[in-house]
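This report looks at the pockets of one protein model and at a helix that takes part in them. Please keep the sequence and the structure in view while reading.

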Amino acid sequence: MTALIIDDEIQIRRLLRMALESKGYTIREAENGTLGLQAAVFHKPDVILLDLGLPDMDGVDVLKRLREWSATPVLIRASLEIGPLVLDPVQHAATLSGSALKLTPTEYALLAQLVKHAGKVVTLKQLLRAVWGPQAEQQSNYLRVYANHLRKKLEGSSLEIRNEPGIGYRLVSV
């Protein structure tokens, strides 16, 4: 049995590798969606463990592309959480303290990146690339506008989006 792990976080890949190897699986790994799709074609795994928050493409898009030609079972880690905020990457839905949080697709994509790296600075370039694509790497004004929208929507919660001038943004629980 072969398992393909598609995840950009090496610690998670290591943990899953150890758990699955102990059950007799042969493991293949990919750190982004593009490499994951290539590995799926080349290795034809029996199961795929897919992270939805990949650096180069949305995990849901990877799943859609896989489903165009493969019926291989795919396991997903279903939600991202920090404090009172829960993001459901499959439904592109968010709740804050149990209430639905209305977000545009762009706001959701930006918030998902910040939640995925909660407590850490995410660089301007990383955020621009992940949310708007590589052609937007010089458009930091996009981030200012959307970060302000998100700040207003998180007001009154224990979460705060902090600007690290010239570097990026950080989502923290206060």
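In this predicted model, helix α4 contributes six residues to the lining of the largest pocket, and this is the most that any element gives. Besides α4, the elements that give two or more residues to that lining are α3 (59-67) and α5 (124-132). The lining comprises 25 residues in total, and those that lie nearest the centre of the pocket are Leu52, Gly53, Asp58, Ala112 and Gln113.

The second largest pocket is lined by Asp8, Pro55, Gln113, Lys116, His117, Val122, Gln126, Arg129 and Ala130. Here α4 and α5 each supply at least two residues, but the largest share, three residues, comes from α5.

| Pocket | Volume |
|---|---|
| Largest pocket | about 480 Å³ |
| Second largest pocket | about 180 Å³ |

How many of the 12 residues of α4 are buried? Nine of them are, so the helix is largely enclosed by the rest of the structure. The buried residues are Glu107, Tyr108, Leu110, Leu111, Ala112, Gln113, Leu114, Val115 and Lys116.

Key:
Residues numbered from 1 in each chain as written. Predicted model: local features only at pLDDT ≥ 70, side-chain atom pairs only at ≥ 80, totals over all residues. Heavy atoms only, no water. Buried < 20%, exposed > 50% of the residue type's maximum accessible area, 1.4 Å probe, protein only. Helix = DSSP H or I, 4+ residues; strand = E, 2+ residues; numbered from the N terminus. 1 Å grid on protein atoms, 1.4 Å probe; cavity = no way out; pocket = protein on both sides within 12 Å on 5 of 7 lines; lining within 4 Å. Points joined across faces, edges and corners; volume = space filled by probe spheres on them.
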